[in-house]
Structures are given as structure tokens and as C-alpha cells.
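Here is a friendly briefing to read alongside the model.

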Amino acid sequence: AANGSKSQFYSTFASMKIGQIRQVLRDNNLATRLDMAGKSPEQLIDMLFDRASSKVNERKSSLF
């Protein structure tokens, strides 16, 4: 999310199975089980991109 374009991000994660996407979200503290409940793989990838981008922006702003 920090170094690539949105389309690169999506192409990377689109090939993953839904369980793998959920694991990435959980492992990086980007979503809870409730956040992910009932979501399609596309919705989970959107969530992953949005939340990862937000986390990157938070970290960038704390450096300066």
C-alpha cells in the first residue's frame, strides 16, 4: 500500500483465497472477526487497502 499503486495492490491480493486475506487483516491488526463477517473477497481487499493505507499515513505523519 505504501510503495505501489492501488491496482498493483489489488492484483497481489486478488489471487489469494478468502481465508488468506482474512489472516493478513488479523495478523496486521487491521480488522476483527466482526469487521470481516459477511464480506466478499473484494470487500475484504478494499478494507485491507483502506486500512493499510491509513496505517501508513499515520506512521508517516508521526515521523515528522
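## Helix H1 and its two sides

In helix H1, which spans residues 6–14, the buried residues include Phe9, Tyr10 and Phe13. Looking down the axis of H1, the buried residues fall within an arc of 95 degrees, so they line one face of the helix. Ser7 and Ser11, on the other side of H1, are exposed. Please keep in mind that this is a predicted model.

**Overall picture**

- The protein's secondary structure consists of 4 helices and 0 strands.
- Following the sequence, the pattern reads α-α-α-α.
- The protein has 64 residues, and buried ones make up 23% of them.
- The accessible surface comes to about 4600 Å², and carbon and sulfur atoms account for 51% of that surface.
- Taking contacts between residues at least 6 apart in sequence, 41% join residues that are at least 24 apart.

**The nonpolar core**

- Which residues have the most contacts inside the largest nonpolar core? They are Phe9, Leu25, Ile45 and Leu48, in a core of 14 residues.
- Two or more residues of this core come from each of H1, helix H2 (18–27) and H4.
- H4 gives the most to this core, with 6 residues.
- Leucine 48 is in contact with Phe9, Phe13, Val24, Leu25 and Leu30, once its neighbours within four places in sequence are left aside.

**Aromatic pairs**

- Across the whole structure, a search finds 4 aromatic pairs.
- One of them joins phenylalanine 9 and tyrosine 10 in an edge-to-face arrangement, with 6.2 Å from centre to centre and 70 degrees between the planes.
- Both phenylalanine 9 and tyrosine 10 are buried.
- Tyrosine 10 also pairs with phenylalanine 49: the ring centres are 6.0 Å apart and the planes are at 40 degrees, so this pair is tilted.
- Tyrosine 10 lies in helix H1 and phenylalanine 49 in helix H4, so their pair ties together parts that are 39 residues apart in sequence.
- Phenylalanine 49 is buried, as is tyrosine 10.
- Ring pairs link Phe9, Tyr10, Phe13 and Phe49 into a cluster.

**The loop between H2 and H3**

- Leucine 30 is found in the loop between H2 and helix H3 (33–36).
- Is leucine 30 buried or exposed? Its relative accessibility is 10%, and the cut-off for buried is under 20%, so leucine 30 counts as buried.
- Setting aside residues up to four places away in sequence, leucine 30 touches Leu25, Leu48, Arg51, Ala52 and Lys55.
- The relative accessibility of asparagine 29 is 68%, and exposed means over 50%, so asparagine 29 counts as exposed.
- Asparagine 29 has phi near 55 degrees, which is a positive value in a residue other than glycine.

**Serine 53 in H4**

- Serine 53 sits in helix H4, which covers residues 41–63.
- With a relative accessible area of 17%, serine 53 is buried.
- What does the side chain of serine 53 reach? It reaches the backbone oxygen of phenylalanine 49, at 2.8 Å.
- Serine 53 and lysine 6 are 47 residues apart along the chain, and their C-alpha atoms are separated by 9.9 Å.

Conventions
Residues numbered from 1 in each chain as written. Predicted model: local features only at pLDDT ≥ 70, side-chain atom pairs only at ≥ 80, totals over all residues. Heavy atoms only, no water. Buried < 20%, exposed > 50% of the residue type's maximum accessible area, 1.4 Å probe, protein only. Arc of directions from axis to C-beta. Polar contact = N/O pair within 3.5 Å; in protein donor to acceptor, adjacent residues only side chain to side chain. Core = buried A, V, L, I, M, F, W, Y, C linked by side-chain atoms within 4.5 Å. Contact = heavy atoms within 4.5 Å. Areas by Shrake-Rupley, 256 points an atom, 1.4 Å probe, with all protein chains shown as cover. Phe/Tyr/Trp six-rings, centres within 6.5 Å; stacked < 30°, edge-to-face > 60°.
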